[in-house]
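Here are some friendly notes to read alongside the model. Take the points in order, and keep the viewer open as you go.

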Amino acid sequence: MRKYTGKSVYGSVVVGKVSLPKRKTLAVKRVRVEDIETEKQRLEEAKRISVLQLCEIYRKALVKVGEANASIFEIHIMLVDDEDYNESVYSILESQRVNAEYAVAVTADNFAQMFAAMEDSYMRARAADVRDISDRLIANLLGDLPNIPMPAETENGSVICACDLAPSEAILLDTDKVSAFVAAQGSSNSHAAILARNMGIPVIFGAGEEFLSEIENGEEIIVDGYTGEIYLEPDEETRAFSLEKQLAHGERKRLLTELKGKDNVTLDGRRINICANIGGVDNIGEVLLNDAGGIGLFRSEFICFGCSQYPTEEQQLAVYRRVIESMAGKRVIIRTLDIGADKRADFFGLEREENPALGYRGIRVSLERPELFKIQLRALYRASVFGRLGIMFPMITSVGELSAVLDICGEVKRELKEQGVNYSENVETGIMIETPAAALISDRLAPMVDFFGLGTNDLIQYTLACDRENPNMEKYSDPHHEAVMRLIEMSARNAHENGAWVGICGELAADTTLTEAFIRMGIDELSVAPSMVLKVRDTVRKLDLSV
Ligand code: PEP
Ligand code: MG
């Protein structure tokens, strides 16, 4: 097996066959000419045709990749008439008395080299744009069509391997026939890369000259757009693994095209919210891509990891505000810090414990450090004016604990009001039900809150006495255990009887073999990893609870 690596611009996997397109090479000769006026007319005619072709490409790009990306070709159209570029061509024509294609080729080399030498990586990548329009001008001067590496006879499933990919070539790739593209050169900042990213096939740039010299037409090739890896003569294990990844990607793509924008409603009309769990702002793109109905759990402790000190009120506010604003009015539930057990932040200086899962964690830490807890609550309430916020408290085990928490919330709101700082009166408060104690007294807790978030990861570990960090416990840790199901059902019933809504935000929410049972229990919301949102939607839409 031979392996090469490049920079990928789109994540999917393809197992296919190498196709080496026969590109037309533009042979430009230096020819001395006497009649410079005719050369100038030829150049102007080539420019006119090039602009017409680019307008046509722009129209195709609008359909394929949308207005923002298509604007790349507006820039190309402007480049054809660029003053500096044309001045250079004309000056070569006049001073050297040579043919127009030669003057364009020399200008293209000079401009491309100038861009390639720039420090800024974005500007460096503009060299490819200059080459693209110059090749088009030369092709039109030669009366030839621009060199598009798209052999009409390309077989389905072909992986086109070439030296580079120009933006105009990228947009003309026939993605029904081409399943991936690998370029030996090129940059992932190029306009071609930006376009390729929107076309839904893996495209890799910078695979290296060695790659191109060592491949043959028709060879089996694997292109992994997630990692940028390329395999030739793959071994059995790599082929099997890649085929599995390819299938999973196909399924995700199917879910996206079929289910994006659709309701989470069963065949008999029962609705459920499907939201996403996140650990930070970086996950928002994925949440929006997968069409989640909101954020069901933002594990706020993640913003502390890697920090040398506790994030300030302003720092926290900035993060919460960005998440809330990005969700544009959809509900965002932010859980207050759940530090402790497996989630450690050194600056808290928590002592090592024999049994950390049964120790100092979650709300216990917050209640013992009210000064830090209040900083987080102030940031949360201040962020609440930017959208729809729910605040959720982790590891609750008693009514007294929850009362203390709600008292501190009241104090924080009073202080904000006194200071004239705005916050929303519509913030919902809720608790994680992740200890058997909380589930068993959920009838007492529910009247005190707006919602419950069932944390099944911890609920399972504490109910079944199985450390979630211990791999040897996996065989005992049955997530479908009747005891766990009864606690979930009991909590859901007690929530509803007391006017609270109930969601599940532990991993079990994504177990589609339980989706029907959860809906029958009256669960109002399932919050899952962003990549699982559409899978759960798919399951919900196929259920019929009337039978
Ligand atoms: C849970 O316990 O199910 C949960 C969602 O919280 P975490 O996994 O962060 O402990
Ligand atoms: Mg938990």
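1. **A term to begin with.** Donors are N, O and S atoms within 2.8 Å of the metal (3.2 Å for Na, K and Ca); water is not among the atoms, so sites may look incomplete. With that in hand, look at the magnesium ion (ligand 2): its protein donors are Glu434 (OE) and Asp458 (OD), at 2.0 to 2.1 Å. The two come from distant parts of the chain, 24 residues apart: Glu434 sits in the loop between strand E13 (428–433) and helix H15 (436–440), and Asp458 belongs to helix H17. Both Glu434 and Asp458 are buried, where buried means under 20% relative accessible area, exposed over 50%, and partly exposed in between (1.4 Å probe, protein chains only).

2. **How to read the numbers.** This is a predicted model, in which local features need pLDDT of at least 70 and side-chain atom pairs count only at pLDDT 80 or more, while totals for chains, interfaces and linings use all residues. Residues are numbered from 1 along each chain as its sequence is written, chains are lettered from A and ligands numbered from 1 in the order in which they are written, and side-chain values use heavy atoms, with hydrogens and water left out.

3. **The whole chain.** The protein chain has 20 helices and 16 strands; helices (H or I, at least four residues) and strands (E, at least two) are DSSP runs, numbered from the N terminus. Its C-alpha trace spans about 100 × 60 × 50 Å along the principal axes. Of its 547 residues, 51% count as buried. Among contacts (heavy atoms within 4.5 Å) with a separation of 6 or more, 68% are between residues 24 or more positions apart.

4. **Domains.** The assignment gives domain 1 (2–23 + 148–239), domain 2 (36–142) and domain 3 (272–540); such bounds come from an automatic or database domain assignment. Between the C-alpha centres of domain 1 and domain 3 there are 43 Å.

5. **The open sheet.** Find the 8 strands in the order E1-E8-E7-E3-E4-E5-E6-E2, an open sheet with mixed pairing. Strand E1 (2–5) and strand E2 (7–8) are at the edges with a single partner strand each, so one side of each has no neighbour in the sheet. Two strands pair if DSSP finds at least two bridges between them. E2 meets strand E6 (residues 203–205) through 2 bridges in the antiparallel sense, and there Ser8 has Ile204 as its bridge partner.

6. **Strand E3 and its neighbours.** With strand E4 (residues 158–162), E3 pairs in the parallel sense over 3 bridges, and Val18 is partnered by Val159. Helix H9 (residues 236–259) lies across strand E3 (13–19), strand E7 (220–224) and strand E8 (229–232), at about 115° to E3; axes are lines fitted to C-alpha atoms, for helices over the stretch in contact, and angles run from 0 to 180 degrees between N-to-C directions.

7. **The barrel.** Now trace E9-E10-E11-E12-E13-E14-E15-E16, a closed barrel of 8 strands with parallel pairing. Its neighbouring strands are turned by 25° against each other on average, direction ignored. E13 and strand E14 (residues 451–454) run parallel, joined by 4 bridges, and Ile433 stands opposite Leu454. Helix H20 lies across strand E9 (273–278) and strand E16 (525–528), at about 160° to E9.

8. Beyond its neighbours within four places in sequence, Thr539 contacts Thr512 and Thr515.

9. **Two loop residues with positive phi.** Glu233, in the loop between E8 and H9, has a positive phi of about 45° although it is not a glycine. At 48% relative accessibility, Glu233 counts as partly exposed. Ala465, in the loop between H17 and H18, has a positive phi near 55° and is likewise not a glycine. With a relative accessible area of 67%, Ala465 is exposed.
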